[in-house]
Amino acid sequence: MTDPLLRVRDLKTYFVTEHGTGTARAVDGVSFELQPGETLGLVGESGCGKTVTSLSILRLIPEPPGHILPGSFIEFEGRNLLALAPRDLRAIRGNRIAMIFQEPMTSLNPVFTIGDQVAEAAIVHQGLSRKDARARAVEMLALVGIPEPDQRADDYPHQLSGGMRQRVMIAMALICHPQVLIADEPTTALDVTIQAQILELLDRLQRELGMAILLITHDLGIVAGAADRVVVMYAGQVVESAPVKELFARPAHPYTEGLMESVPRLDAQRSRLHAIPGSVPAATAWPAGCRFHPRCPHAWDKCRTEEPPLPAAGPGRTARCWLVAEPARRKGGA
Amino acid sequence: MSAPLLEVRDLVKHFPAQRGFFGMGRPKGVVRAVDGVSLNVLPGETLGLVGESGSGKSTLGRTILRLLEPTAGAVRFENQDVFALGADALRALRRRMQIVFQDPYGSLNPRMTVRQTLAEPLQIHRIASGAAAAARVLSLLEEVGLTADFADRYPHEMSGGQRQRVGIARALSVEPVFMLCDEPVSALDVSVQAQVLNLLADLQKKRRLAYLFIAHDLAVVKHIADRVAVMYLGKIVEEAPAAKLYERPRHPYTTSLLSAVPIPDPAAQKRRIVLAGDIPSPSNPPPGCPFHPRCPHPKKDARCGTEVPALREVAPGQRAACHFAEAPM
């Protein structure tokens with residue numbers, strides 16, 4: 001395997017809660033690697049820490065209340081992003097590593113034309129003249145499938161539909177040809193037919209431009225279609241990682257398994273859905289032992305008191321579960 | 001077949017379109033949010049209503065309940081003309097038809113405890129008071145799977161799934177026979193979504209409730225609906241028993257929607273039909289078939305741009321509004 005492009009090691013991002021009384025351990029020791037040119041899916045439900053992880057990579061966490069703990073590493077091209085001077089970090093952010101967000105309306109500035117906003121990164125990072133940057137911006141708008149890009153460049157965000165705004169976001173992110181694109185729920189605010197357009201576009205652009213994508217989503221269907229490998233998060237931790245085919249064929253962690261069974265599927269007959277009992281605990285009070293044990297059908301004494309490590313669970317896979325060491329404890333047969 | 005509980009005939013709801021600055025000037029045309037919809041809901045069944053944002057599905061639901069006044073058309077519920085009712089009769093009707101909203105946080109009063117929220121409709125409709133009301137509140141909580149100690153909580157002290165259970169309990173408190181569920185699970189995480197869908201299915205079985213279940217997620221609807229209607233630009237373009245609609249859709253819009261839903265199985269990736277463009281604006285719908293500018297049907301011809309296809313029966317129980325519904329793609 002080649003050297004990873006981006007290596008996240010033992011990332012801990014904590015928040016002081018509103019009344020200053022507690023600490024929310026939103027991301028609590030997360031490690032994973034992103035290989036060149038691959039799509040890594042980062043999956044989990046709200047409150048699992050996936051968005052905080054992605055914001056931490058580019059140091060976009062507001063401090064205070066947020067705080068990335070010493071001992072966390074985010075390695076990119078041999079340097080720890082968390083230790084860079086702000087000036088050096090700016091040279092990477094939006095240039096070598098770019099990001100698109102869930103809500104394209106709030107992430108675009110309403111008082112600038114989309115042409116100006118797309119061109120900005122090329123002026124800042126590549127020193128292009130305004131005229132050249134505008135030409136690049138129009139090129140990018142064409143690349144992401146905006147019709148009549150030369151005219152649309154003079155439009156303001158409110159003149160575009162949600163799907164078109166997300167295309168503009170993608171054009172903005174990709175104008176400097178980044179090596180890493182962080183896509184945080186890029187299609188969650190969109191209708192399913194528009195979502196299909198955007199997923200298709202990201203897939204095509206990745207093939208043409210060769211960047212690696214960190215795809216953050218709650219939707220297992222999107223992960224199944226778009227990702228090469230998957231990291232599943234629960235309660236601020238990685239609970240499982242695996243190549244996408246292996247993960248869906250044989251989920252190793254009971255949380256992953258429960259999540260897959262609770263998704264309503266088009267390719268299944270109408271039936272009662274499997275539901276994971278309870279709900280995600282609060283980040284200020286993760287359960288002792290395994291953080292999933294109060295909702296886990298297999299939990300025994302050990303799970304309630306001892307926190308499981310994240311051991312290998314097959315080639316290229318890990319799972320944070322005591323069942324990896326004691327598979328006979330699985331209820332209802334393996 | 002039993003008589004329908006709810007009959008909607010040629011329902012139309014138009015809104016005045018955008019005015020000039022600061023709401024001044026005459027409205028420029030109308031937004032045709034609901035544009036001639038007819039459908040039935042039978043006692044105890046679930047009709048799924050699917051469509052993308054702007055298709056008019058929520059407006060349709062709210063006009064049926066007369067939370068919005070109609071522009072034209074008729075709604076009959078238990079053989080009463082809903083739009084002809086006076087204030088008293090309308091209040092009595094509200095006991096029979098209830099609504100569950102998408103956002104359980106926005107639709108619960110933040111200053112009321114769960115007990116107050118659930119007791120209020122009992123007082124308004126003079127169903128129970130005092131000790132009887134208190135007992136009803138506890139039995140409602142139990143019915144939606146919450147313990148008695150939730151009665152003293154405020155909305156902010158609960159998770160999204162728990163709040164949605166309270167929203168359902170409030171709707172049940174007046175013992176309706178019909179519930180409009182407007183995207184009741186779309187704000188919930190998938191593990192909790194399954195809990196709420198199962199709860200709705202259990203309640204339906206126990207109380208013989210009829211649901212009009214509005215959702216944008218076709219997979220969710222597949223797990224709850226007996227029949228499904230698909231909306232596009234204010235019109236129903238297809239309606240069929242769920243099994244038929246999912247197995248053999250007759251309208252190219254239904255086919256495209258189904259193909260766009262991601263399947264959570266990397267081994268079962270299918271060919272996606274990627275529709276070009278966005279939903280047109282309902283203030284200026286295309287002439288002819290409203291779907292024709294985006295339609296991927298290979299036989300699409302000039303007629304589609306001029307002639308509105310009729311919604312007609314193309315198979316037993318299956319209606320579709322496409323010139324080529326007899327030869328679907």
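Select strand 1 (residues 6-16) of chain B together with strand 2 (30-41): nine bridges join strand 1 to strand 2, and the two run antiparallel. Strands here are DSSP runs of E with at least two residues, helices are runs of H or I with at least four, and both are numbered from the N terminus. Two strands count as paired if DSSP finds at least two bridges between them. For a landmark, pick B:Val12, which stands opposite B:Asp35 in strand 2 of chain B.

A word on what you have open: this is a predicted model, in which local features need pLDDT of at least 70 and side-chain atom pairs count only at pLDDT 80 or more, while totals for chains, interfaces and linings use all residues. Residues are numbered from 1 along each chain as its sequence is written, and chains are lettered from A and ligands numbered from 1 in the order in which they are written.

**Widen to the sheet.** Now show the open sheet of four strands in chain B, with order 2-1-4-5 and antiparallel pairing. Strand 2 and strand 5 (80-81) of chain B each have a single partner strand, so they stand at the edges with one side lacking a neighbour in the sheet.

**Move along chain B.** Next, select strand 9 (residues 227-232) and strand 10 of chain B, which pair in the antiparallel sense over six bridges. They form a hairpin with two residues between them, and B:Leu233 in the turn has a positive phi of about 50°. Click B:Met231 to find B:Ile236 of strand 10 opposite.

Stay on strand 10 (residues 235-241) of chain B: six of its seven residues are buried, so the strand is largely enclosed by the rest of the structure. Buried means that 20 or more other C-beta atoms lie within 10 Å of the residue's own, exposed means 12 or fewer, and partly exposed is in between, with C-beta atoms placed from the backbone. Strand 10 of chain B also runs antiparallel to strand 12 (residues 318-320) of chain B, joined by two bridges. There, B:Glu239 stands opposite B:Arg319.

**Zoom out to chain B.** Chain B has nine helices and twelve strands. Its C-alpha atoms fill a box of roughly 70 × 55 × 45 Å along the principal axes. Of its 329 residues, 45% count as buried.

**Cross to chain A.** Turn to the contact between the chains, which takes 38 residues from chain A and 38 residues from chain B; two residues are in contact if their C-beta atoms, placed from the backbone, lie within 7 Å. On the side of chain A that touches chain B, helix 8 (192-209), helix 9 (220-226), helix 10 (244-249) and helix 11 (254-262) of chain A each supply at least two residues. Helix 8 of chain A gives the most, with seven residues.

**Inside chain A.** Select strand 7 (residues 97-100) of chain A and look at both faces: A:Ile97 and A:Met99 on one side, and A:Ala98 and A:Ile100 on the other, are all buried. Four bridges join strand 7 of chain A to strand 8 (residues 180-184) of chain A, and the two run parallel. The bridge partner of A:Met99 in strand 8 of chain A is A:Ile182.

**Last stop.** Select helix 1 (residues 50-57) of chain A, where seven of the eight residues are buried, so the helix is largely enclosed by the rest of the structure. Among them are A:Val52, A:Leu55 and A:Ile57. After helix 1 of chain A comes A:Arg59, with a positive phi near 50°.
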